[in-house]
Amino acid sequence: MKGQKLWKKLKGYLLENQDYKPDINEVQIFKKEIKDDIIIYYVEDVIVKQSTKQLLPDKSQLNQVNENDIDNTGVFYWPSEIILTKYILSDLDRIKNYNIIELGAGRSGFCGIVLAKKGFNVILTDGNQSIINDLKENVILNEINIQVEVLKWQSGDPYANTCALISDCFFFENYHNDLIQMLKRFCFVIGAAPSRGGSLERFINKCQNQNIECKQLNILHDTQIVLFNIIN
């Protein structure tokens, strides 16, 4: 299922009290199955697990992030992170000599967990403490030792020899400026998202106006893969 259709389902759930029944086959990228309420993904030579409860939107978490004025996309499961993972695995040479930080990792941190299991030094981050708690549970489920921390988007000291990964965090345009300042702290950033009413394209335009080079690397399903290269 394409991102726009998932977005429509979530909108109906949030605004119109419609039922929401997630389907693990919404994006057919990696082989997967469910055992005892655990989704098991077979990603090349690694196995990644995810609780089925993480596919369900949590309205209490949504209210919390609204009250704390932070981007709330991490409350939901988005297939764009699966698509980003597929692309990254096809282009590992680009990131092989870098530390990895996943921004807005949400409740699953799928891409970062896959890379950690492949031997990369990875930090998973999100701006919402309650989401971080779910993320830590997912790390424990996957039996890996990986750093998970709250990280708000803002300017600051650069991260040495580090690239960032980010998926579907461009829709809420009131956070664009904060996110741009965050991106400038990395060597480069690889992002993935559908257009979502042109919000991705407007974010790219803002980046280009602030000396961030943006290059479309690929389109998988309805999701654009974009390289954000910081020009010093």
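1. A residue is called buried when its relative accessible area is under 20%, exposed when over 50%, and partly exposed in between, using a 1.4 Å probe and protein chains only. By that definition Phe-186 is buried, with a relative accessible area of 4%, whereas Tyr-159 is partly exposed, with 22%.

2. The model is predicted, so that local features need pLDDT of at least 70 and side-chain atom pairs count only at pLDDT 80 or more, while totals for chains, interfaces and linings use all residues. Residues are numbered from 1 along each chain as its sequence is written, and side-chain values use heavy atoms, with hydrogens and water left out.

3. Thr-125 belongs to strand E5, residues 122-126; helices (H or I, at least four residues) and strands (E, at least two) are DSSP runs, numbered from the N terminus. The residue is buried, with a relative accessible area of 1%. Leaving aside residues up to four places away in sequence, Thr-125 touches several others, among them Ile-101, Gly-104, Ile-132 and Leu-151, where contact means heavy atoms within 4.5 Å.

4. Strand E5 as a whole is mostly covered, since five of its five residues are buried. Val-122, Leu-124 and Asp-126 point one way, while Ile-123 and Thr-125 point the other way.

5. Two strands pair if DSSP finds at least two bridges between them. Strand E4 (residues 99-103) runs parallel to E5 and is joined to it by three bridges, with Glu-102 standing opposite Leu-124. From E4 the chain crosses through helix H4 (residues 110-117) to E5 in a right-handed β-α-β crossover, a term meaning that, with the strands pointing away from the viewer, the path from the first strand over the helix to the second runs clockwise.

6. With strand E6 (residues 147-150), E5 pairs in the parallel sense over four bridges, and there the bridge partner of Leu-124 is Val-148. E5, helix H5 (residues 129-141) and E6 also make a right-handed β-α-β unit.

7. The structure holds eight aromatic pairs, in which rings of Phe, Tyr and Trp (its six-membered ring) have centres within 6.5 Å, with planes under 30 degrees apart counted as stacked, over 60 as edge-to-face and the rest as tilted. Tyr-159 and Phe-186 are stacked, at 4.9 Å centre to centre and 5 degrees between the planes. Because Tyr-159 lies in the loop between E6 and strand E7 (162-167) and Phe-186 in the loop between helix H6 (176-183) and strand E8 (188-193), this pair ties together parts 27 residues apart in sequence.
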